[in-house]
Amino acid sequence: MIALVDCNNFYASCERVFNARLRHQPVVILSNNDGCIIARSAEAKALGFKMGDPYFIVKPKIKQHNVQVFSSNYALYGDMSRRVTEVLRRYARDVEVYSIDESFLDLKGCYGVASRVDMGLPSGVAKNNCRVASGVAGGVALANYGLAIRQAVLSATGIPTSVGLAPTKALAKLANRLAKQSGEPVCTIKTNLDIKEALAQTNINDVWGIGGQYVKLLRSNGIATALDFVQLPDDFVKKHLTIQGVRLAHELRGLPCAELEVQPSPKKAICTARSFGQFTTNYGLVKEALSNYVANAAEKLRKQGCLAGALNVFVETNLHSKQDEQYFNSKTVKLPASTDDTAELIGVAHRVFDQLYKEGIRYAKCGVILKEFTPKQQFQETLFDDRNRPKHQGLMETMDKLNSRYGRNTLQLAAQGFNRKDWDMQRNMLSPKYTSNLDELLTIKV
Amino acid sequence: MSPVLIPLFNSTVQAGFPSPADDYLDKAIDLNEHLEVHKASVFMVKVEGDTFVTHGILDGAMLIVDKAEQPRHGCLIVCILDGEFHVGRYFTKNGGVELELGDEKPRFIASFDDFEIWGVVKHAINKLL
């Protein structure tokens, strides 16, 4: 059995844990640079605010309805997500953290034991061999387990969740959606009848894994629900939706095909790019911001244990501006030797940037992409390499250790500058970092 | 006076005896572990004001609060009353709940009250210097 647990209105819920006055008010959370809406509470949804609504456009409506607005407090959301995941681990054999607010749980062995205990049977039985009576008793026990998971997360963190339980990942996703639709905290799909009913109630648009183009194709073939979809012959599905589509069909029929991804797969490219807090023509500022993005990307590269063989830099103006001269330029260079050294990468990025920079342009964003990775152990020495690599390796290791212990950017390269405010993104409505900064704790007056 | 030749040993030697404590070494005390600071349900909260001085909580103290802990009669809790955060003493009486906020007399919490227990205060850390 698989459970899909997802947090209800996660970002808004995180804010509400530490600010009780938000509980019944409409709340929206904005993206980087306070650009557009990326999260809404149920009340805000009901008022008609949509995901992606640009803040400056909906600001009057926000004021009119007294909607509470927050910048994304990723430090807080990330920490709350960690706590939720920790609670979930107690209830599953394995957990796949699918996104910041959604996880798949492998319940093999866990739920079986729990339900035997529920039914008053002795629990000292080999976990995998638990055969629970199907039908009502089994279904109720499963649902109770889902409720227990939800209650544990709520009591430990204050975050409300919806739980979908089913034999496969795709069906668990379906069940979760049905739970949300019906307003119930938990939905179980256990028997074949359950599967059939759930599929019949699900529109083909709403099936996880079937994107826009495929939906169009299927609709034109008379497929309207998930049930219609699973009744298609495998040959047809394979031809039009590839083998992935066939796997999805099998999963929806109740046959597990997808394993839980317990380890995230290593990235093949790392990109760090941000829009600036304000547009700038200043060469020095853009270069400084770029240095920081390179440092950030390099840190991620080292965490992955890879070396980059190529580097791309790009700069662009504000694409929405009508009066600014539009400029986009980018260039990729191969590195003389594969490296993960921040200083070396910044040096290369600077040289590339000098070729891209144009006077008089109001830059809105820049970024770096590190590519052509090789594993660190496979480093190849080159004939003309004159860099003292072991020495710089030691420097990078020390820097990473200090930054990990004392906080981001405790130690950085001079090129990264001393005042992030010159170009760092705007986050004017940030709530306190309640769980990661001792100076920003929830304070109670007594 | 004639010089005295003293032999110089060119190789290093382990100095001293092995420590008698080696067989009894324990790992160092870890306060994070003791206060359960990294537990999923444990949060830190700051207190401003000296209403709870008699309970051992000074102005500016940091409270270690466990959201998953069940409150017991007489314990200190962080709660939300009418949309505001409070620290109070929790009492069970005749199946009901009474809350004592600071110096005031305990008040009965009715089922229609806008009241929620946020967590139980397990430790208070007072900075004295």
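**View 1. The area buried between chain A and chain B of the predicted model**. Chain A and chain B bury about 2100 Å² between them, 59% of it on carbon and sulfur atoms, where buried area is the accessible area (1.4 Å probe) that two parts lose on being put together, summed over both. In chain A, the residues that lose the most area to chain B are R83(A), I444(A) and V446(A), which together account for 32% of what that side buries. Contact, defined as heavy atoms within 4.5 Å, links 24 residues of chain A with 27 residues of chain B. This is a predicted model, in which local features need pLDDT of at least 70 and side-chain atom pairs count only at pLDDT 80 or more, whereas totals for chains, interfaces and linings use all residues. Residues are numbered from 1 along each chain as its sequence is written, chains are lettered from A and ligands numbered from 1 in the order in which they are written, and side-chain values use heavy atoms, with hydrogens and water left out.

**View 2. Salt bridges across the interface of chain A and chain B**. Three salt bridges are found across this interface, each being a side-chain nitrogen of Lys or Arg within 4 Å of a carboxyl oxygen of Asp or Glu. R21(A) forms a salt bridge with E84(B), with the closest N and O atoms 3.2 Å apart. On the side of chain A that touches chain B, at least two residues each are supplied by α1 (10-18), α4 (74-89), α6 (136-157) and β13 (442-445) of chain A; such helices (H or I, at least four residues) and strands (E, at least two) are DSSP runs, numbered from the N terminus. The largest share of that side, five residues, comes from α4(A).

**View 3. Strand pairing between β13(A) and β1(B)**. β13(A) pairs in the parallel sense with strand β1 (residues 42-48) of chain B over four bridges, pairing being assigned if DSSP finds at least two bridges between two strands. Within this pairing, L442(A) stands opposite V45(B) in β1(B).

**View 4. The open sheet of three strands in chain A**. The strand order is β3-β2-β4 (chain A), with mixed pairing. β3 (37-40) and β4 (68-71) of chain A stand at the edges, each with a single partner strand, so one side of each is left without a neighbour in the sheet. The twist averages 25 degrees from one strand to the next, angles running from 0 to 180 degrees between N-to-C directions of axes fitted to C-alpha atoms, for helices over the stretch in contact. Strand β2 (residues 27-30) of chain A runs parallel to β4(A), joined by four bridges, and L30(A) stands opposite S71(A) in β4(A).
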